[in-house]
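Have the structure open as you read.

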Amino acid sequence: MRRTVSVLAPLGFRLQTQPLVQSRPLSSVQSGCPQDVLRRTPLYDFHLAHGGKMVAFAGWSLPVQYRDSHVDSHLHTRRHCSLFDVSHMVQTKIFGRDRVKLLESIVVGDVAELRPNQGMLSLFTNEDGGILDDLIVTNTSEGHLYVVSNAGCRDKDLALMQDKVKEFQNRGLDVGMEVVESALLALQGPTAAQVLQAGVTDDMRKLPFMTSAVMEVFGVSGCRVTRCGYTGEDGVEISVPAEGAVHLATALLKNPEVKLAGLAARDSLRLEAGLCLYGNDIDEHTTPVEGSLSWTLGKRRRITMDFPGARIIVPQLNGEVQRRRVGLICEGAPVRAHSPILNTDGTVIGTVTSGCPSPSLKKNVAMGYVPLKYSRPGTQLLVEVRRKQQMTVVRKMPFVPTNYYTLK
């Protein structure tokens with residue numbers, strides 16, 4: 001039996017989880033498996049040179065933090081900006097005249113409605129309505145769909161897309177796919193656009209949240225810059241040719257606004273923003289409605305009901321759902337994943353899926369699943385930590401207001 005756990009319980013951006021044999025203790029994730037069997041991003045030596053503390057994560061060796069503490073990195077991202085290496089994420093191109101039809105056969109979103117260079121968060125689902133993975137898809141002006149999905153789901157995501165491509169090709173449809181081997185850097189924080197503007201000729205004021213453009217960045221050509229991220233802050237993800245990744249990271253770090261940040265800060269940032277970690281907060285046994293992700297379901301797709309699991313998911317939109325993901329503000333000791341959630345009578349009603357002390361709020365925050373009747377914000381509940389019950393209250397997410405850049 002295998003389960004999915006995460007480094008530093010848990011990790012974020014879409015931070016993917018590390019598959020482990022159930023009997024292994026969490027501490028074994030920190031040391032990881034031998035470094036020579038882990039995949040390395042183009043920035044591996046760069047991380048070591050800058051004091052990165054490397055851990056095994058989703059089959060990769062990645063920095064969990066640098067010389068600064070996790071809390072310092074977190075707060076720096078909220079106040080200035082931080083650079084994250086997310087090159088472990090899976091980048092894919094889907095092309096051909098029938099590319100939209102192909103992707104819409106496996107995701108819940110309305111891909112056809114995307115304007116050129118516009119993107120969206122969507123979900124791969126199965127026929128039972130469960131979430132196979134979350135992904136970002138962009139309708140590029142270069143004639144392909146650009147998909148970014150989770151490293152922890154790499155094998156099943158690629159198999160899903162490749163099998164669908166073969167199916168469509170066998171039906172005589174015009175589709176194809178290609179795995180992109182570029183590095184991926186995330187520059188996140190309120191000053192990210194200002195920092196990036198110094199290295200590009202494009203006007204960053206004209207690139208709003210969830211839009212994308214190919215440009216030269218600090219002398220590196222062929223970079224795809226997407227205004228997005230998983231911290232709740234303004235920022236970009238830059239798909240950069242692998243050979244230019246170190247040059248670009250070095251150029252960005254020359255600005256005193258920028259510091260390196262690792263997996264630990266990324267997790268607490270995404271949790272404050274109320275964003276899900278696949279494998280912890282959503283999985284193949286969670287529907288989009290249960291996961292409070294109904295907004296990812298395209299309006300047209302709700303009517304046509306032509307995505308996997310629609311017969312289960314669409315009726316849930318009308319209230320036929322047993323549980324929901326909620327935010328929690330907790331008293332006492334920090335709450336971690338798998339902690340029981342109880343009603344005020346002491347009956348176990350749910351489970352925490354993610355939790356940590358919030359550096360921004362200086363309170364303990366968490367998310368988890370409870371029956372629908374307990375999901376209203378303000379509902380008083382209990383959580384069990386180290387066999388002791390603590391007060392908690394259901395709180396609307398995000399815990400910290402998001403700062404995504406939209407055109408006024």
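1. A word on classes first: Ala, Val, Leu, Ile, Met, Phe, Trp, Tyr, Cys and Pro count as nonpolar, Asp, Glu, Lys and Arg as charged, and the others, Gly among them, as polar. On that basis, the second largest cavity is lined by six nonpolar, one polar and two charged residues.

2. Bear in mind that this is a predicted model, where local features need pLDDT of at least 70, side-chain atom pairs count only at pLDDT 80 or more, and totals for chains, interfaces and linings use all residues. Residues are numbered from 1 along each chain as its sequence is written, and side-chain values use heavy atoms, with hydrogens and water left out.

3. A cavity here is a set of points, on a 1 Å grid over the protein atoms alone, where a 1.4 Å probe fits but cannot get out; lining residues have an atom within 4 Å of a point. There are two cavities of 30 Å³ or more.

4. The second largest cavity, at about 40 Å³, has Phe84, Asp85, Val86 and Arg266 among its lining residues. Strand 5 (60-65), strand 6 (81-85) and helix 8 (263-272) each give at least two residues to this lining.

5. Now the largest cavity: its volume is about 50 Å³. Its lining includes Tyr146, Leu184, Cys228 and Glu237, and five of the lining residues are nonpolar, two polar and one charged.

6. Lastly, threonine 351 sits in strand 19 (residues 348-358).

Terms used
1 Å grid on protein atoms, 1.4 Å probe; cavity = no way out; pocket = protein on both sides within 12 Å on 5 of 7 lines; lining within 4 Å. Points joined across faces, edges and corners; volume = space filled by probe spheres on them. Helix = DSSP H or I, 4+ residues; strand = E, 2+ residues; numbered from the N terminus.
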